[in-house]
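Here's a quick briefing to read alongside the model. Have the structure open as you go.

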Amino acid sequence: MTPVPLLPALAAHAELRAHAPAARGCPCAPPATVLADRPDALVVRHGDVVAKAHAPGTDERHLAARLATAAHPGLADTLLAPLAARATRLHDRLVTLWPYGAPVDRDDPDAAPWEAAAALLARLHRTPPAELPAPLPDMRGPRKAAQALARLRAAAATAPHPDTPAVERAWSALPPWARAEAPAPGPARLCHGDLHLGQLVRARGRWLLIDIDDLGLGDPAWDLARPAAWYACGLLGAGEWARFLDAYRAAGGPAVPATGDPWPVLDVPARALTVQTAALAITKATAAGRALDEVEQDVVAACRRMAAVPPGPAPRGTK
């Protein structure tokens with residue numbers, strides 16, 4: 001949980017931006033809402049303003065470049081733009097301000113905006129890096145997968161889990177770039193780095209991408225990897241996957257070939273996201289002293305299958 005002093009300070013920071021200094025009293029009800037409270041982020045909403053405290057140790061220079069990219073007019077139809085061009089510090093955490101956007105309705109899976117997510121990704125991936133306002137760091141997707149494995153190993157050192165070896169074998173079969181040990185193959189493109197439906201909000205009458213913490217340059221196939229992994233694990237239906245993939249291709253997305261089998265390109269990133277998901281699931285289950293649930297078991301089972309069939313190299317000409 002977040003240290004106690006940070007939460008009221010963040011709420012006050014959001015309130016100050018939400019209301020003019022001369023305003024008397026706060027008309028908002030409730031005055032502040034905690035949208036997320038995780039070790040890597042505390043997010044508070046006040047009225048139409050959202051304040052986010054980024055993870056401890058966030059690189060200020062990298063965050064500044066990501067903020068500048070989100071504010072770039074050329075990406076106004078793709079990324080939610082921040083309310084302030086620079087981050088501030090509260091209790092030694094970097095804090096950014098954003099307009100509120102309505103999230104995807106988790107209680108209505110049939111209305112999930114797969115086509116909108118795909119079109120947003122395609123526009124992001126088509127943006128020439130040379131046209132961005134600041135040099136961006138690498139997309140953090142592979143690094144986050146490696147961090148998930150590090151957490152699993154730390155947990156296994158004190159409380160071994162019987163499924164850990166299967167996850168480790170699947171991880172070791174991945175090429176170095178997918179383990180954040182080497183540059184990604186092919187030309188680097190602008191990537192979100194952590195795409196899932198929770199990263200979409202509806203603002204200004206349209207869907208936009210949020211959460212720039214992993215934004216950077218890398219292999220755009222990584223942004224398709226989570227829905228691809230869910231489909232491969234049986235957690236996403238064939239219809240939803242087809243909607244997403246077809247919409248991405250129709251929007252000119254460069255991560256996969258325009259026609260034909262996309263899996264030679266998606267296989268490695270999808271495997272890496274599957275391993276990351278399994279590692280985090282085991283770590284959290286171990287910490288809570290509980291067994292894996294059905295979905296978590298499915299992801300671990302996928303790791304066992306992956307370890308038995310190593311990935312092949314992705315064709316270089318499709319990126």
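Is R305 buried, partly exposed or exposed? R305 comes out as partly exposed, because its relative accessible area is 47%, where buried means under 20%, exposed over 50% and partly exposed in between, using a 1.4 Å probe and protein chains only. Keep in mind that this is a predicted model, so local features need pLDDT of at least 70 and side-chain atom pairs count only at pLDDT 80 or more, while totals for chains, interfaces and linings use all residues. Residues are numbered from 1 along each chain as its sequence is written, and side-chain values use heavy atoms, with hydrogens and water left out.

**Helix residues and their contacts**

- R305 belongs to helix α9, residues 294-308; helices here are DSSP runs of H or I with at least four residues, strands are E runs with at least two, and both are numbered from the N terminus.
- Leaving aside residues up to four places away in sequence, R305 touches A232 and C233, with contact meaning heavy atoms within 4.5 Å.
- In space, R305 and A166 are 9.0 Å apart, C-alpha to C-alpha, and in sequence they are 139 residues apart.
- W114 sits in helix α3, and W114 counts as buried because its relative accessibility is 5%.
- The neighbours of W114, again not counting residues up to four places away in sequence, are L197, P227, W230, L236, E240, R243 and F244.
- A18 is another matter: its C-alpha atom is separated from that of W114 by 32 Å, and the two are 96 residues apart along the chain.
- D267 is part of helix α8, residues 263-288, and with a relative accessible area of 19% it is buried.
- D267 touches P311 and G312, once residues up to four places away in sequence are set aside.
- Between the C-alpha atoms of D267 and I212 there are 25 Å, with 55 residues separating the pair along the chain.

**Salt bridges**

- The count comes to 16 salt bridges, each one being a side-chain nitrogen of Lys or Arg within 4 Å of a carboxyl oxygen of Asp or Glu.
- One of them pairs K52 with D213, and the closest N and O atoms are 2.4 Å apart.
- That pair links distant parts of the chain: K52 is in strand β3 (residues 49-54), D213 is in the loop between β9 (206-209) and β10 (216-218), and they are 161 residues apart.
- R226 forms a salt bridge with D194, with 3.1 Å between the closest N and O atoms.
- R226 and D194 are both buried.
- Shared partners join R140, K144, D194, D214 and R226 into one salt-bridge network.
- R179 bridges to E181, and their closest N and O atoms are 2.9 Å apart.

**Surface charge**

- D105, D107, D108 and D110 gather in a patch of negative charge on the surface.
- A patch takes residues with over 30% relative accessible area and no salt bridge, joining like charges within 9 Å and nonpolar side chains (Val, Leu, Ile, Met, Phe, Trp, Tyr) within 5 Å.
- D107 lies in the loop between β6 (102-103) and α3 (114-126), and D107 counts as exposed because its relative accessibility is 73%.

**Loops and backbone**

- H91 isn't a glycine, yet it has a positive phi of about 50 degrees; look for H91 in the loop between β4 (88-90) and β5 (93-99).
- A180, also not a glycine, has a positive phi of about 65 degrees.
- You'll find A180 in the loop between α5 (164-172) and β7, and A180 is partly exposed, with 39% relative accessibility.
- T127 is in the loop between α3 and α4 (141-158), and T127 is buried, with a relative accessible area of 13%.
- T127 touches L75, L132 and L190, not counting residues up to four places away in sequence.
- For T127 and L75, the C-alpha atoms are separated by 8.3 Å, while the residues are 52 apart along the chain.

Conventions. Areas by Shrake-Rupley, 256 points an atom, 1.4 Å probe, with all protein chains shown as cover. Lys, Arg positive; Asp, Glu negative; His and termini not counted. Charge placed at Lys NZ, Arg CZ, Asp CG, Glu CD.
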